[in-house]
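Reader: I would like to learn how to read a model of this kind, taking one feature after another. Please give me the general idea each time and then the case at hand.

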Amino acid sequence: MSAIERFSRRGRWAVPAGAVAVVAAVATISAITVAQAAPALPDRTPAQLLAAVAGDHTAPPPLTGTVVETASLGIPQLPGNENPTSLTSLFAGSHTLKVWYGGPGQLRLAAPVQMGESDFILNGNTAWLWESNTNSVTKLAVPAHRQGERKLAPPKTPLTPQEAAKQALAAAGPSTRVTTEANVIVAGQPAYQLVLAPKSSGSLIGKITIALDAQHLSVPLRVQVFARGATSPAFQIGYTSISFVTPAAANFSFTPPPGAHVRTSTLGGLGGDGPMAKGQGAQQFQTIGKNWLSVAVLPSSALSELAGPGNAASVAGQAARSASGGGGTLSGGAIMGAMLGAAHPVHGAWGSGRLLHTSLVSVLITSTGHVLMGAVTPAVLYADAAQVK
């Protein structure tokens, strides 16, 4: 797996605003949520906090930190779960990222991998992707209109609390109840807590809490997603350490090591050769509903892409061989086949198919091959399935 794929592995599975924040659940949460006394801070209204974090007029201050994201949707154990880059890693496990931000045009992200590290380094109009364990390098030219933009990672990929908060806020509006909760300490920093809760009972999300640094209100320190009725977060991404100091210039300087294989691309090509990179993303999925009830609908061709090479029969066969102890390395098709096996048959006026339902996400695969997914109840998916042609 290339460095680009490693940094963007969730991007290809991302769904619209109400469901984006949902790829998630509970594992290793104590690393981010150590109980501490609530700090005393000046009073802030929900409107004040919302305006501070939602406004794009204030650039975040320079910082360095470590981000940990934990997720566990609670789906059955699937073949390939031991592989950290497998499909099931999207629904369970813990991922760590080091962040250095020097201001607009200076960003470094480092993701530890087995026996090495994958780095994304932006410095002015040049960016680098380096995968140490394969000594491969991609040099990226940054178009002039992209320089200084905050969203430099692959679209809709919640790599940091800032990005996750931005995605959650996209669902806020008349359909959202905005409140606050007790102040907290996150990564040693006192923080306010802004709470976004969907009003509709059709959403599986109970609430999303965004911890905002008390001194730098535009900086989210942690984002937590709670399933409806749950007392523990089902997903969270947050800093375990953070320092608001300007990183050394050396952090943004990169020279390909001797013997490295170097290729060149543009920042717009981060998606590789996939449909999104070719500007065909609008043909790949449609969205039904909005805000918290947004549902992504993928065409039948997308199911084949998710399953990987081979037809449905070979996918199912490989999954069956693995389940019976056949051994060997599992392909994405086998994992997809196992997921289909974990879903149960459903039918109604909308048609028939298979449903995979957890506390925070529902996935419906119809008999016509369409895939509907969102942080919504099955009833919402069924109603939307009736609209799919």
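Author: Let us begin with burial, for which a residue is called buried under 20% relative accessible area, exposed over 50% and partly exposed in between, using a 1.4 Å probe and protein chains only. Ile121 has a relative accessible area of 0%, so this residue is buried. The model is a predicted one, in which local features need pLDDT of at least 70 and side-chain atom pairs count only at pLDDT 80 or more, while totals for chains, interfaces and linings use all residues. Residues are numbered from 1 along each chain as its sequence is written, and side-chain values use heavy atoms, with hydrogens and water left out.

Reader: Where does Ile121 lie, and which residues does Ile121 touch?

Author: Helices (H or I, at least four residues) and strands (E, at least two) are DSSP runs numbered from the N terminus, and Ile121 belongs to strand S4, residues 116-123. A contact means heavy atoms within 4.5 Å. Leaving aside residues up to four places away in sequence, Ile121 touches Leu107, Arg108, Thr126, Ala127, Trp128, Asn251, Phe252 and Phe254. With Arg108, 13 residues away in sequence, the C-alpha to C-alpha separation is 4.4 Å.

Reader: How many salt bridges are counted, and which residue pairs with Asp119?

Author: A salt bridge requires a side-chain nitrogen of Lys or Arg within 4 Å of a carboxyl oxygen of Asp or Glu, and by this rule there are 2. In one of them Asp119 meets Arg108, with 2.8 Å between the closest N and O atoms. Because Asp119 lies in strand S4 and Arg108 in strand S3 (residues 106-113), the pair ties together parts 11 residues apart in sequence. Asp119 is buried at 0% relative accessibility, and Arg108 is buried at 13%.

Reader: What is the N to O distance between Glu181 and Lys207?

Author: The side chains of Glu181 and Lys207 form a salt bridge at 2.5 Å, N to O. Since Glu181 is in strand S7 (residues 176-186) and Lys207 in strand S9 (residues 205-213), parts that are 26 residues apart in sequence are tied together. Glu181 is partly exposed at 31% relative accessibility, and Lys207 is partly exposed at 22%.

Reader: Over which rings do the charged ends of Arg108 and Lys207 sit?

Author: A charge sits over a ring if NZ of Lys or CZ of Arg is within 6 Å of the ring centre and within 35 degrees of the ring normal. The charged end of Arg108 sits over the ring of Trp100, 5.5 Å from its centre, and that of Lys207 sits over the ring of Phe226, 4.8 Å from its centre.

Reader: How many aromatic pairs are there, and is the pair of Trp128 and Phe254 stacked or tilted?

Author: Rings of Phe, Tyr and Trp (its six-membered ring) pair if their centres lie within 6.5 Å, and planes under 30 degrees apart count as stacked, over 60 as edge-to-face and the rest as tilted. The count is 3 aromatic pairs. Trp128 and Phe254 are tilted, at 5.3 Å centre to centre with 50 degrees between the planes. This pair links distant parts of the chain, with Trp128 in strand S5 (residues 126-131) and Phe254 in the loop between strand S11 (235-243) and strand S12 (261-266), 126 residues apart. Trp128 and Phe254 are both buried, and ring pairs link Trp128, Trp130 and Phe254 into a cluster.
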